[in-house]
Amino acid sequence: MREKDDLMISIVIPAFNEEGAIGDTVLGIQELELDQYEILVIDDGSTDSTARVAATAGAQVVSHPYNIGNGAAVKTGIRNAQGRVIVIMDGDGQHDVHDIPRMLSYIHRYHMVIGARQRSSVVSFHRSVANKVLTWFASLVASVPIADLTSGFRVVRRPDALRFCDMLPNTFSYPSTTTLAFLRTGRSIKYVPIKTRARIGTSKIKPLRDGTRFLLIIVKIAMTFSPFRVFLPVSLATFLLGVGWYFYTYWFFGRFTNMSHLMMNSSLIIFMLGLIAEQITSFRLEKGDGLFRVEDNSQFSGFEKYGLSEKETAPDIPVKLVQRSG
């Protein structure tokens with residue numbers, strides 16, 4: 001039995017009705033040459049034998065009384081994790097456990113390491129298109145290129161995971177939230193190329209329902225971390241409509257209408273509200289970071305020994321680091 005104070009790695013696997021794959025995933029992790037680790041399977045109210053299979057394979061199982069959501073399971077895993085570093089991965093067989101050491105080797109330099117799916121990965125067409133659209137929109141919000149917004153395979157330092165744990169939604173969009181939260185607060189991210197396989201069992205994601213939900217969540221995340229990027233386009237569009245309507249009415253009727261005046265005034269009000277929201281957001285994030293001590297990177301030394309087994313192709317994402325006061 002490993003002492004909790006000596007744990008370096010906590011592997012969190014959210015699972016809902018994944019009895020067909022969860023056992024092999026847990027056994028595969030145990031075959032890796034990892035030091036001082038724990039495997040936490042969060043059973044999100046499964047109606048099959050997911051919890052039993054995971055426990056038999058050797059994982060610690062934390063069960064929800066009913067299905068709450070994938071994000072809620074991840075939050076439970078983060079709160080129960082004891083390791084210095086947390087690995088989050090799916091339990092449906094899509095993620096290759098052999099990528100874990102490769103991703104861990106970067107955590108001494110970066111706050112979060114994300115497994116970026118390559119073109120050769122097995123992803124359904126509609127999910128691939130949706131991921132590209134959402135990634136493009138999120139890159140626009142974050143002002144930096146994002147290699148993979150919705151990948152659920154990531155390694156994160158435990159203090160940073162706890163920092164944003166309460167902000168995570170209970171649904172499937174926790175990867176989007178963590179990615180934008182890290183970028184907005186100046187934390188560093190490393191993208192490591194991975195290849196995913198076809199999942200075992202039935203997908204829990206519904207394209208139309210969850211696609212619309214993801215888009216709304218991206219807007220909410222933008223409002224949470226960078227509201228001016230939402231207010232500014234709306235303000236600009238309103239102003240241009242007002243100017244366009246003014247030219248139309250002046251050309252054909254020779255007058256300046258109340259509608260043009262209303263839209264121009266509205267654009268100014270929206271612009272000012274965006275500035276206020278941006279200031280409130282910046283103050284809230286800085287205050288929240290102030291509750292956490294400045295990280296001592298030496299506590300994450302040792303992970304680089306896992307090394308690299310493959311040549312990388314995914315680009316580094318340049319993110320400016322900020323000093324956080326304790």
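I searched the whole structure for cavities and found 1 of 30 Å³ or more. For this I took a cavity as a set of points, on a 1 Å grid over the protein atoms alone, where a 1.4 Å probe fits but cannot get out. The volume is the space filled by probe spheres set on the points, with points joined across faces, edges and corners.

The model is predicted, with local features needing pLDDT of at least 70 and side-chain atom pairs pLDDT 80 or more, while totals for chains, interfaces and linings use all residues. Residues are numbered from 1 along each chain as its sequence is written, and side-chain values use heavy atoms, without hydrogens and water.

**Cavity lining**

I noted a volume of about 80 Å³ for the largest cavity. I counted 13 residues in its lining, with I78, I88, V156, A161 and T178 nearest the centre; a lining residue has an atom within 4 Å of a point. Two or more lining residues come from each of α3, β6 (154-157), α6 and α7. Helices (H or I, at least four residues) and strands (E, at least two) are DSSP runs, numbered from the N terminus. I sorted the lining into 10 nonpolar, 1 polar and 2 charged residues. Here Ala, Val, Leu, Ile, Met, Phe, Trp, Tyr, Cys and Pro count as nonpolar, Asp, Glu, Lys and Arg as charged, and the others, Gly among them, as polar.

**Helix α3**

I looked up helix α3 (residues 70-80) and found 9 of its 11 residues buried, that is, under 20% relative accessible area with a 1.4 Å probe, protein chains only. Among the buried ones are K75, T76 and I78. The buried residues pack against β1 (9-15), β2 (37-43), β3 (60-63), β4 (85-88), α6 (158-164) and α7 (174-184), where contact means heavy atoms within 4.5 Å.

**R157**

I located R157 in strand β6. R157 counts as buried because its relative accessibility is 1%. A polar atom of its side chain lies 3.0 Å from the backbone oxygen of I107, and one lies 3.2 Å from the backbone oxygen of H108.

**Nonpolar cores**

I then checked the largest nonpolar core, 34 residues, in which I9, I29, L34, I100 and L104 touch the most other members. Such a core is a set of buried Ala, Val, Leu, Ile, Met, Phe, Trp, Tyr and Cys residues joined through side-chain atoms within 4.5 Å. Strand β1 gives the largest share, 4 residues. A second, separate core has 33 residues, including V12, L134, C165 and A181.

Methods:
Buried means under 20% relative accessible area, exposed over 50%, partly exposed in between (1.4 Å probe, protein chains only). On a 1 Å grid over the protein atoms alone, a cavity is a set of points where a 1.4 Å probe fits but cannot get out, and a pocket is an open set with protein on both sides within 12 Å along at least five of seven lines; lining residues have an atom within 4 Å of a point. A polar contact is a pair of N or O atoms within 3.5 Å; within protein, one must be able to donate a hydrogen and the other to accept it, and residues adjacent in sequence count only if both atoms are side-chain atoms.
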